[in-house]
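Reader: I'm new to this one. Can you walk me through it?

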Amino acid sequence: MELQLAGKTALVVASSQGLGKAIAQQLVLEGVNVMITSRNEEKLKEVEQELRSLHKGNVAYVQADVTKQEDIERLVEKTVETYGTIDLLVNNAGGPPAGTFETITDEEWYKAFELNLLSYVRIIRTALPYLKRNGGKIVNIASSSIKEPIPGLLLSNTFRTGIVGLTKTLATEFAQYNILINTVAPGRIATERVAFLDQINAEKFGITKEEMEARMKSTIPLGRYGTPEEFAKVVTFLLSGANSYMTGQSFIVDGGMVKAI
Ligand SMILES: NC(=O)c1ccc[n+]([C@@H]2O[C@H](COP(=O)([O-])OP(=O)(O)OC[C@H]3O[C@@H](n4cnc5c(N)ncnc54)[C@H](OP(=O)(O)O)[C@@H]3O)[C@@H](O)[C@H]2O)c1
């Protein structure tokens, strides 16, 4: 199967570590020119070097906070200045804090909205003129909470499902431009974020992080966490020329963890 990705240009948001970085890496390996971005310039420099050492697609970075519209404008401008256009867009961000209904403040609600939903809207809007040029692909990263709410992660449960509604609606609106847009939702993929959540939950239950991890893995039919690379390969397929007919869909990469149909 030909992925037909070589020479394309991708903007991969929130890509200094974890899922975003793994997606950037897979795309670089396919010969894509990739713009990586996050708030931390030091980490971005390191990832840029690491991905450049693969000697495949080009890599550049822009430091940006996706909760700020001016940063998003600068990010898109720099990407187009560097590579000429944007063919592929991956929306991603850090996770919102844990909390239950009675503990979450209005400020936390607003912040999670800005980070986990509004940033996707703003980035798509800003990149749209370029994605429209040749027909583009968008992947929005969400969470398995789009199918089965996760206890203690109310902010994620609320705003990730918003991503699904956004994706499905835009699939219809953007079909006229031959832009395909899908949601990809991780279950438990071994990243810094998951290690952090395991630590929080371990403290809550008064057990060790290792015990918490074993407890979590026992709920996954495949019996292990996914690797960032496994997750990134699904995203890469959806962004590729091999995907020419799937749009508006949600794909869960979870080793069978989610029990809902
Ligand atoms: N891993 C999983 O199994 C899993 C499961 C369900 C949901 N998710 C969700 O999927 C997303 C990615 O997961 P992950 O595990 O890769 O998370 P991660 O390891 O915490 O990485 C998050 C990335 O987002 C960047 N970021 C955070 N806030 C940002 C901001 N305001 N502006 C720009 N960049 C920002 C971080 O870089 P800087 O700190 O340098 O800005 C980092 O590169 C998260 O939203 C997570 O909650 C992951």
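Author: Here is a short tour, from the overall fold to the core. Keep in mind that this is a predicted model.

Reader: OK. How many helices and strands does the chain have?

Author: Eight helices and seven strands. The radius of gyration is 18 Å, close to the 18 Å that the globule rule gives for 261 residues, so the chain is as compact as a globular protein of that length.

Reader: And what does the C-alpha trace span along its principal axes?

Author: About 55 × 40 × 40 Å.

Reader: What share of the residues is buried?

Author: Of the 261 residues, 49% count as buried. The chain exposes about 12,500 Å². Carbon and sulfur atoms supply 52% of that area.

Reader: Now the core. Which residues touch the most other members of the largest nonpolar core?

Author: Ile23, Leu27, Val34, Leu89, Ile141, Phe231 and Val235. That core has 67 residues. Helix H4, residues 106-134, gives the most to it, with nine residues.

Reader: Zoom in on isoleucine 23. What is it in contact with, leaving aside neighbours within four places in sequence?

Author: Val12, Val90, Ile141, Phe231, Ala232 and Val235.

Reader: Switching to charges. How far apart are the mean positions of the positive and negative ones?

Author: They are 4 Å apart, for 28 positive and 30 negative charges.

Reader: Last one. Of contacts between residues at least 6 apart in sequence, what share joins residues at least 24 apart?

Author: 74% of them do.

Technical notes. Residues are numbered from 1 along each chain as its sequence is written. This is a predicted model: local features need pLDDT of at least 70, side-chain atom pairs count only at pLDDT 80 or more; totals for chains, interfaces and linings use all residues. Side-chain values use heavy atoms; hydrogens and water are left out. Helices (H or I, at least four residues) and strands (E, at least two) are DSSP runs, numbered from the N terminus. The radius of gyration is taken over C-alpha atoms; the globule rule is 2.2 Å times the number of residues to the power 0.38. Buried means under 20% relative accessible area, exposed over 50%, partly exposed in between (1.4 Å probe, protein chains only). Contact means heavy atoms within 4.5 Å. Accessible areas come from the Shrake-Rupley method with a 1.4 Å probe; for residues, only the protein chains shown count as cover. Lys and Arg count as positive and Asp and Glu as negative; His and the chain ends are not counted. The place of a charge is taken as NZ of Lys, CZ of Arg, CG of Asp or CD of Glu. A nonpolar core is a set of buried Ala, Val, Leu, Ile, Met, Phe, Trp, Tyr and Cys residues joined through side-chain atoms within 4.5 Å.
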